[in-house]
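Please report on this model.

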Amino acid sequence: PRAEERLRALFDARLLVSDEAGSRLAFDREATREIAYMRMTSARRRQLHTRVGRVMQARASAGSPVAPEVLAWHLARSDAPAEALAPLVEASRRALGHGRPRLALSHAEQAARIARAHRPVALPEVQRALGDAMLAMGRGDLAVEAFASIGDPALTVELAAALVAAGFARDALDAVKDHPGAMAAAVRARALSQLGDPGAGRAHQAALAAAGTEEESARALRFYGADLARDDRFPEAVEVLEAAVATAQRAGDPAGRAEAVDLLGSVLGLLGELDRAVTAHRSALVIREVLGQPDGIAATLRRLGRAESRRGEGGRALGHLVAARALLRDAGLESRMSRIEVELAEVRWRRGEPDHARRHLAATTELTGRALARHALLTAMLAGPAEAALAARKSVEACVRDRWRSGAAVSSALLAFIEQDPTLVAAALADLETIGHAEFAALARRWLEALTDNEPTEEIDVEVG
């Protein structure tokens, strides 16, 4: 009765409100709740959090849905904070599954603080959640630190696969150096390929031979196809990636199939088979949307945008890329957004919008690898007459440094065009036709025709948009 009287008094004072059914009570505003909470002693707060946590645990045990982050919030402030570890780790995993790595990292960091203070034996599981969140944030260096103390061989290989996918080839290679197994072999092959090691091809064959299941075979084929594409061996890449798609289908691995189909679409686009490329990317997008993978959806939207841009559908391409950028921003994946800016600059360049393209390039930060080389190439394409030759030379250097053969060839063709040397443009064109890069070959062909159809002049218009 006394409790009812107090509640009635709070309602009369309009400090408490309820929903229409009267089943849920709340303070009228956040400030009221904060004042009431702060007036309690620390012991009283812990006691109430403990009681709420126990009720929620009982409901969860009975099968009722309980949000892990809410349960963790109460238990972390209760008389038994160590009991918050399991729901915090679950909340971190759930946040990653919803594409919110920053929130996942916050949950994992809180779990790590509690584990160190109250239950050190739980640190390995917490460190894994912390490492997964770091990887999703694009911080491979911090992920390595988080995983280092766990000492689980299988987990080390899993980490290495994530590292090599994020471009940390040297770290990935060190991690799997002495590890047996199909996945370790596939990671080792991919790392060697990214580092330009001549033994990468043999390593890929060894990974395929080590595969004991369809899923392992699909992954090994996918890694091999991606590296063949990166090395500008497009016809071989198509053959291997088609096998990866079929193998992933037999293995019942939708995520692996989506990635293989997506990679296949990218290679088909480079070969000029744009209708097939768009169809492949759209198929991958459907699978990724069913799986609910925001980072995967963003990757497919990027690739679909590039294919549609090459097909002359610049408006649709911009829409896909802007959507991909929004997905990455909402997911807290700012480390990947500079690549989107390069993609947007490329679309703007194709649409003949040089000022917009330059603004996108100026918005990039911390680019590495192929993205950095593509930035240099686009900068050269967009350069004015006074800077064109120097920009083209820098593009050649960036592409050679990244071992991007077709990029180096088209950069060389551009430099030769600027310097009015049809012989060198023709040599670069022959190389691009051998590679099979349709768009770059078309550019070089246009430049060669411009030089051979007209008398040399003091200044040639480098119109490539």
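Phe417 is buried, and Trp447 is buried too. Buried here means under 20% relative accessible area, with exposed over 50% and partly exposed in between, using a 1.4 Å probe and protein chains only. The model is predicted: local features need pLDDT of at least 70, side-chain atom pairs count only at pLDDT 80 or more, and totals for chains, interfaces and linings use all residues. Residues are numbered from 1 along each chain as its sequence is written, and side-chain values use heavy atoms, leaving out hydrogens and water.

**Aromatic contacts**

The whole structure holds 2 aromatic pairs. Rings of Phe, Tyr and Trp (its six-membered ring) pair if their centres lie within 6.5 Å; planes under 30 degrees apart are stacked, over 60 edge-to-face, and the rest tilted.

| Pair | Centre to centre | Angle between planes | Class |
|---|---|---|---|
| Trp404 and Phe440 | 6.0 Å | 50 degrees | tilted |
| Phe417 and Trp447 | 5.8 Å | 10 degrees | stacked |

Trp404 sits in the loop between helix H22 (388–401) and helix H23 (405–418), and Phe440 in helix H25 (residues 438–453), so this pair ties together parts that are 36 residues apart in sequence. Trp404 is buried at a relative accessible area of 7%. Phe440 also counts as buried, at 7% relative accessibility.

The stacked pair of Phe417 and Trp447 links distant parts of the chain as well: Phe417 is in helix H23 and Trp447 in helix H25, 30 residues apart.

A charge also meets a ring. Arg190 lies over the face of Phe223, 5.4 Å from the ring centre. The criterion is NZ of Lys or CZ of Arg within 6 Å of the ring centre and within 35 degrees of the ring normal.

**Helices and overall layout**

The protein chain has 25 helices and 2 strands. These are DSSP runs numbered from the N terminus: helices are H or I with at least four residues, strands E with at least two. The C-alpha trace spans about 100 × 55 × 35 Å along its principal axes. Of the 465 residues in the chain, 47% are buried.

Which residues of H11 are buried? Ala182, Ala184, Ala185, Ala186, Val187, Ala189, Arg190, Ala191, Leu192, Ser193 and Gln194 are. That makes 11 of its 13 residues, and H11 is mostly covered. The helix covers residues 182–194; at 1.5 Å a residue it should span 18 Å, and its end C-alpha atoms are 19 Å apart, which agrees. The expected span is 1.5 Å times one less than the number of residues. Gly196 follows H11 and has a positive phi, near 75 degrees.

In H19, 13 of the 14 residues are buried, so the helix is largely enclosed by the rest of the structure. Gly352 follows H19, and its phi is positive, near 75 degrees.

Gly131 belongs to helix H7 (residues 123–136). Its relative accessibility is 0%, so Gly131 counts as buried. Gly131 and Ala143 are 12 residues apart in sequence, yet their C-alpha atoms are 4.3 Å apart in space.

**The second largest pocket**

This pocket has a volume of about 1600 Å³. A pocket is an open set of points on a 1 Å grid where a 1.4 Å probe fits, with protein on both sides within 12 Å along at least five of seven lines; lining residues have an atom within 4 Å of a point. Of its 31 lining residues, Leu25, Ala26, Phe27, Arg33 and Val52 are the closest to the centre. Elements giving two or more residues are helix H1 (2–12), strand E2 (25–27), helix H2 (30–38), helix H3 (42–61) and helix H4 (68–76). H3 gives the largest share, 8 residues.

By class, the lining has 20 nonpolar, 4 polar and 7 charged residues. Ala, Val, Leu, Ile, Met, Phe, Trp, Tyr, Cys and Pro count as nonpolar, Asp, Glu, Lys and Arg as charged, and the others, Gly among them, as polar.

Most residues other than glycine have a negative phi. Asp232 has a positive phi, near 65 degrees. Asp232 is in the loop between helix H13 (214–230) and helix H14 (234–251), and is buried at a relative accessible area of 5%. Gln420 also has a positive phi, near 60 degrees. Gln420 lies in the loop between H23 and helix H24 (422–435), and is partly exposed at 24%.

Terms used. Points joined across faces, edges and corners; volume = space filled by probe spheres on them.
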